[in-house]
Amino acid sequence: MTITASSPTVIYGAAVPTITASYAGFVNGDTSAVVTGQSCSTAYTVTSAVGSNPATTCSGGTATNYTISYVAGVVTINKATLTITASSPTVIYGAAVPTITASYAGFVNGDTSAVVTG
């Protein structure tokens, strides 16, 4: 029997997802109910970076009539949405061009404008 860890997709900064197992190779009408001691986990944390692909794994399962092999998965992390808004100052005709500033909405994990380039 093969037990495969799920491969969820999250947005950067999201809570740790629940990792589940999928099963292949049961015979005689058996189901996952014959597997005991199974646990699944992930290396993902809320501060895992986009593109880091933290592993997901399942292990510890036993089943009387089966030899178990495991297949790992990964957590895919997509970018969080960041909105940058330019200021809208009011000026009097003929006045100097005002300084335009940016305001930000959507940072997670304590990130600041220091992570924005360009």
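This is a predicted model: local features need pLDDT of at least 70, side-chain atom pairs count only at pLDDT 80 or more; totals for chains, interfaces and linings use all residues.
Hello everyone, let's start with a pair of strands: β5 and β7 run antiparallel and are joined by 2 bridges. Here strands are DSSP runs of E with at least two residues, numbered from the N terminus, and two strands pair if DSSP finds at least two bridges between them.

Residues are numbered from 1 along each chain as its sequence is written, and side-chain values use heavy atoms, with hydrogens and water left out.

Back to the strands. β5 and β7 belong to an open sheet of 3 strands, in the order β4-β5-β7, with antiparallel pairing. At its edges are β4 and β7 (73-74), each of which pairs on one side only.

Now, which cysteines does a disulfide join? They are Cys40 and Cys58, with 2.1 Å from S to S. A disulfide is a covalent bond between the sulfur atoms of two cysteines; here it is counted when the two sulfur atoms lie within 2.5 Å. The structure holds 1 disulfide, and the link of Cys40 and Cys58 is right-handed, with 105° about the S-S bond. Because Cys40 lies in strand β4 and Cys58 in strand β5, the pair ties together parts that are 18 residues apart in sequence.

Are these two cysteines buried or partly exposed? Cys58 is buried, at 6% relative accessible area, whereas Cys40 is partly exposed at 27%. For the cut-offs, buried means under 20% relative accessible area, exposed means over 50%, and partly exposed is in between, using a 1.4 Å probe and protein chains only.

Cys58 also takes us inside. It belongs to the largest nonpolar core, 8 residues in all, together with Met1, Ile3, Ala5, Ile19, Val35, Ala63 and Tyr66. Such a core is a set of buried Ala, Val, Leu, Ile, Met, Phe, Trp, Tyr and Cys residues joined through side-chain atoms within 4.5 Å. Apart from that core lies another one, of 5 residues, including Tyr12, Tyr44, Val75 and Ile77.

Leaving aside neighbours within four places in sequence, Val35 is in contact (heavy atoms within 4.5 Å) with Met1, Ile3, Tyr23, Phe26, Gly61, Thr62 and Ala63.

Tyr23, Phe26 and Tyr66 form one aromatic cluster, and the structure holds 3 aromatic pairs. Why is the pair of Tyr23 and Phe26 called tilted? Its ring centres are 5.7 Å apart and its planes are at 35°. The rule is that rings of Phe, Tyr and Trp (its six-membered ring) pair if their centres lie within 6.5 Å; planes under 30 degrees apart count as stacked, over 60 as edge-to-face and the rest as tilted. Tyr23 is partly exposed at 29%, and Phe26 is partly exposed at 24%. Tyr104 and Phe107 make a tilted pair too, with centres 5.6 Å apart and planes at 40°.

Last stop: Ser48, in the loop between β4 (39-42) and β5 (55-59). Ser48 counts as buried, at 12% relative accessibility.

Methods
Helices (H or I, at least four residues) and strands (E, at least two) are DSSP runs, numbered from the N terminus.
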